[in-house]
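Here's a quick tour for someone opening this model for the first time. Have a look at the fold, then read on for a briefing grouped by topic.

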Amino acid sequence: MDCLFCKIIKGEIPSNKVYEDDMVYAFHDISPIAPVHFLVIPKEHISGAAAVTPENSAVIAHIFEVIAKVTAEMGLEGGYRVITNNGDDAGQTVKHLHFHVIGGKQLGWSSAQGD
C-alpha cells in the first residue's frame with residue numbers, strides 16, 4: 001500500500017511525534033495553520049470517516065480520548081478545533097482517516113481548514 005500515513009506510522013517517513021500507543025499515532029502537521037496543529041491517526045488503515053464500521057469504531061472513541069489527554073497536556077484549556085475531511089469534495093488529500101487538532105489561538109470560522 002502506498003499510503004503516506006501508513007509509511008509515517010512504520011517510521012519510513014520521519015515525523016515529529018506527539019503521542020503514540022498501540023492504536024493511534026499523533027504528530028505535528030508539516031504545514032501548521034495555528035500555533036498548535038497536530039494530526040491523530042489510527043494505526044489501522046481506515047480510508048476515511050465513511051469507512052468507519054462497528055468493527056473498527058472503537059478506535060475513533062480512543063482517538064478522542066487521546067485528543068482530550070494531549071490537548072490538556074498542551075494547556076489548551078481555552079479550546080481547540082478537531083477537523084476531519086472525508087472524500088475528494090471535502091478536500092481529503094491523504095486517504096487515511098485523520099483528525100487535525102488545531103488550537104493555541106482564537107479561531108474564527110475562516111480558520112476551519114484541514115487538509
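Let's start with valine 40: leaving out residues up to four places away in sequence, valine 40 touches Val24, Tyr25, Ala26, Ile63, Ile67, His98, Phe99 and Val101, where contact means heavy atoms within 4.5 Å. Keep in mind that this is a predicted model, in which local features need pLDDT of at least 70 and side-chain atom pairs count only at pLDDT 80 or more, while totals for chains, interfaces and linings use all residues. Residues are numbered from 1 along each chain as its sequence is written, and side-chain values use heavy atoms, with hydrogens and water left out.

**The sheet**

- Helices (H or I, at least four residues) and strands (E, at least two) are DSSP runs, numbered from the N terminus, and two strands pair if DSSP finds at least two bridges between them.

**Who pairs with whom**

- Strand 2 and strand 3 run antiparallel and are joined by 5 bridges. Here tyrosine 25 stands opposite isoleucine 41 in strand 3, and alanine 26 stands opposite valine 40 in strand 3.
- Strand 3 and strand 5 are also antiparallel, with 5 bridges between them. Phenylalanine 38 has valine 101 in strand 5 as its bridge partner, while leucine 39 has histidine 100 in strand 5.
- Strand 4 (residues 80-83) joins strand 5 through 4 bridges, again antiparallel. Arginine 81 is bridged to isoleucine 102 in strand 5.

**Covered strands**

- Strand 3 is mostly covered, with 7 of its 7 residues buried. Buried means under 20% relative accessible area, exposed means over 50%, and partly exposed is in between (1.4 Å probe, protein chains only).
- In a regular strand, side chains alternate between the two faces of the sheet.
- Both faces of strand 3 are covered: Val36, Phe38, Val40 and Pro42 are buried on one side, and His37, Leu39 and Ile41 on the other.
- Strand 5 has 5 of its 5 residues buried, so strand 5 is largely enclosed by the rest of the structure. One side holds the buried Phe99, Val101 and Gly103, and the other the buried His100 and Ile102.

**A closer look at alanine 26**

- Alanine 26 lies in strand 2 and is buried, with a relative accessible area of 0%.
- Setting aside neighbours within four places in sequence, alanine 26 is in contact with Lys17, Val18, Tyr19, Phe38, Leu39 and Val40.
- Alanine 26 and isoleucine 63 are 37 residues apart along the chain, and their C-alpha atoms are separated by 9.3 Å.

**Nonpolar cores**

- A nonpolar core is a set of buried Ala, Val, Leu, Ile, Met, Phe, Trp, Tyr and Cys residues joined through side-chain atoms within 4.5 Å. The largest one has 17 residues, and those with the most contacts inside it are Val24, Phe38, Val40 and Ile63.
- Strand 2, strand 3 (36-42), helix 2 (58-73) and strand 5 (99-103) are the elements that give two or more residues to this core. Helix 2 supplies the largest share, 6 residues.
- Apart from this core lies another of 10 residues, including Cys3, Ile9, Tyr25 and Phe27.

**Aromatic pairs**

- The structure holds 3 aromatic pairs. Rings of Phe, Tyr and Trp (its six-membered ring) pair if their centres lie within 6.5 Å; planes under 30 degrees apart count as stacked, over 60 as edge-to-face and the rest as tilted.
- Phenylalanine 5 and phenylalanine 27 make an edge-to-face pair, because their ring centres are 5.6 Å apart with the planes at 70°. This pair links distant parts of the chain, 22 residues apart: phenylalanine 5 is in helix 1 (residues 4-10) and phenylalanine 27 in strand 2 (residues 24-28).
- Tyrosine 25 and phenylalanine 27 have ring centres 5.7 Å apart and planes at 35°, so this pair is tilted.
- Phe5, Tyr25 and Phe27 form one aromatic cluster. Tyrosine 25 counts as buried at 7% relative accessibility, and phenylalanine 27 is buried at 5%.
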